[in-house]
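User: I am new to this structure and would like to understand the words used for it. Could you walk me through them?

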Amino acid sequence: MRFLLDENVHKGLFKFLKEQGQDVKLSPRTISNGQVFRLAQNEERVLISRDSDFLDESFIGPEHFGILLIRVKPKDLASQQSCMKKLLSEFSEMKGRAFMLLTKDKFEQLEPSTIE
């Protein structure tokens, strides 16, 4: 898969995804959420973020390639890696699974309206 990591995601996840053979890129720092989202769209990447603002309907469009919202303690890299490994083993792509929530023990598909 192709991923774009938002600046609020643990940088160790970047290295982990690279080691798993994934195409991963870091978002430039200090750009707006809209710019981050457009970059993910333009490069056909799944956006990985801790920011639930990306689940706002204004970010949903026909060129959407998925958003993975991380809800694991920011410094708990081991749990983030473990759950990502499970996700990667189940899905070769996320298109059609627009919103996924990554928690310590699992991941699940969500509707934007269910996010708090």
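Analyst: Gladly! A nonpolar core is a set of buried Ala, Val, Leu, Ile, Met, Phe, Trp, Tyr and Cys residues joined through side-chain atoms within 4.5 Å. Buried means under 20% relative accessible area, exposed over 50%, and partly exposed in between, with a 1.4 Å probe and protein chains only. This is a predicted model, where local features need pLDDT of at least 70, side-chain atom pairs count only at pLDDT 80 or more, and totals for chains, interfaces and linings use all residues. Residues are numbered from 1 along each chain as its sequence is written, and side-chain values use heavy atoms, leaving out hydrogens and water.

User: Which residues of the largest nonpolar core touch the most other members?

Analyst: They are Phe3, Leu5, Leu13, Leu17, Ile48, Leu68 and Met84, out of 22 residues in that core. S1, H1, S3, S4, H3 and strand S5 (99-103) each supply at least two of its residues, and H3 gives the most, with five. These labels denote DSSP runs numbered from the N terminus: helices (H or I, at least four residues) and strands (E, at least two).

User: What does Met84 touch, not counting residues up to four places away in sequence?

Analyst: Contact means heavy atoms within 4.5 Å. With that rule, Met84 touches Phe3, Leu13, Phe16, Leu17, Ile48, Leu68 and Leu102. There is also a second, separate core of 14 residues, which includes Val36, Leu47, Leu55 and Leu101.

User: Why are the buried residues of H1 said to be on the same side?

Analyst: The buried residues of H1 (residues 11-19) are Gly12, Leu13, Phe16 and Leu17. They cover an arc of only 135° around the axis, taken from the directions from the helix axis to the C-beta atoms, and therefore lie on the same side of H1. On the other side, Lys15 and Glu19 are exposed. The buried residues pack against strands S1 (2-5), S2 (23-26), S3 (46-49) and S4 (67-71), and against helix H3 (77-90).

User: What makes S4 largely enclosed by the rest of the structure?

Analyst: Four of the five residues of S4 are buried, so S4 is largely enclosed.

User: How do you know that S4 pairs with S3 and S5?

Analyst: Two strands pair if DSSP finds at least two bridges between them. Three bridges join S3 to S4, which run parallel, and five join S4 to S5, also parallel. Both counts therefore meet the rule. Within S4, Leu68 is the bridge partner of Ile48, and Leu68 stands opposite Met100 in S5.
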